[in-house]
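Welcome, and please open the model in your viewer. We will go from stop to stop, selecting as we go.

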Amino acid sequence: HTHPSTTNKDIEMKLSEAVSIYIKMRDKKAQMKAEFDASIAPLNEKMEKLEAKLLDVFNKTGMDSVKTEFGTAYTTTRVTASVADREIFMTHVKENDDWALLEVRASKTAVEQYRDTNNDLPPGISMREERVVNVRRSS
């Protein structure tokens with residue numbers, strides 16, 4: 001419900017200005033982030049070289065950590081597991097009843113398709129939808 005003195009043209013101008021300002025701010029933010037990332041790149045590079053040197057010493061000496069007057073350097077093992085062959089992996093899980101190898105997460109796309117087809121969610125699934133605003137630049 002608009003004020004009588006406010007026309008749709010006025011509202012469109014204000015919205016147009018808001019979108020323009022938003023895009024300028026987003027561009028500025030991206031530029032600032034790029035400049036910041038570039039400014040710390042040499043520092044990151046030097047730190048990575050020091051990490052590599054420390055790891056090399058640890059590997060050659062069999063040490064896991066070293067405590068100094070300034071602090072402690074220590075190693076940890078980072079582990080990642082990924083599915084190289086889905087079919088073989090899933091066959092193993094099913095045949096050996098080894099479901100602990102899986103993490104349970106609902107596929108948003110599949111749940112949406114199920115909901116659209118069945119007018120209901122799959123059992124045990126809750127879904128939240130939130131209306132948000134996005135801004136796209138004119139081409």
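Is Glu-129 buried or exposed? Select Glu-129 and show the surface around it: this residue has a relative accessible area of 59%, so it counts as exposed, for which the cut-off is over 50%. Keep in mind throughout the tour that this is a predicted model.

**Around Glu-129**

Trace the chain and you will find Glu-129 in the segment after α3 (108-118). The side chains of Glu-129 and Arg-115 are joined by a polar contact of 2.4 Å.

**Along helix α1**

Next, select residues 8-61, which form helix α1. This helix has 54 residues, and from its first C-alpha to its last it reaches 75 Å, close to the 80 Å expected at 1.5 Å a residue. Follow α1 to Ala-41 and look for a kink of about 40°. Then carry on past the end of the helix: just after α1 sits Gly-62, with a positive phi of about 80°.

**The second largest pocket**

Of the 14 residues that line it, select the ones closest to its centre: Glu-51, Leu-55, Tyr-74, Thr-75 and Thr-76. Two elements, α1 and β2 (72-74), each give two or more residues to this lining. The biggest share comes from α1, with eight residues. By class, the lining of the second largest pocket divides into eight nonpolar, three polar and three charged residues.

**Helix α2 and its ends**

Now move to helix α2, residues 86-95. Asp-85 caps the N-terminal end of this helix. To see the cap, show the Asp-85 side chain and the backbone of Glu-87: a side-chain oxygen of Asp-85 lies 3.2 Å from the backbone nitrogen of Glu-87. Just after α2, pick out Asp-97, which takes a positive phi of about 50°.

**The largest pocket**

For the last stop, which residues line the largest pocket? Select Val-83, Arg-86, Phe-89, Met-90, Leu-102, Glu-103, Val-104, Arg-105, Ala-106 and Ser-107, and you have its lining. The volume of the largest pocket is about 500 Å³. Colour the lining by class and you will see six nonpolar, one polar and three charged residues.

Technical notes: Residues are numbered from 1 along each chain as its sequence is written. This is a predicted model: local features need pLDDT of at least 70, side-chain atom pairs count only at pLDDT 80 or more; totals for chains, interfaces and linings use all residues. Side-chain values use heavy atoms; hydrogens and water are left out. Helices (H or I, at least four residues) and strands (E, at least two) are DSSP runs, numbered from the N terminus. The expected span of a helix is 1.5 Å times one less than its number of residues. The bend at a residue is the angle between axes fitted to the seven residues ending there and the seven starting there. On a 1 Å grid over the protein atoms alone, a cavity is a set of points where a 1.4 Å probe fits but cannot get out, and a pocket is an open set with protein on both sides within 12 Å along at least five of seven lines; lining residues have an atom within 4 Å of a point. Grid points are joined across faces, edges and corners, and a volume is the space filled by probe spheres set on the points. Ala, Val, Leu, Ile, Met, Phe, Trp, Tyr, Cys and Pro count as nonpolar, Asp, Glu, Lys and Arg as charged, and the others, Gly among them, as polar. Buried means under 20% relative accessible area, exposed over 50%, partly exposed in between (1.4 Å probe, protein chains only). A polar contact is a pair of N or O atoms within 3.5 Å; within protein, one must be able to donate a hydrogen and the other to accept it, and residues adjacent in sequence count only if both atoms are side-chain atoms.
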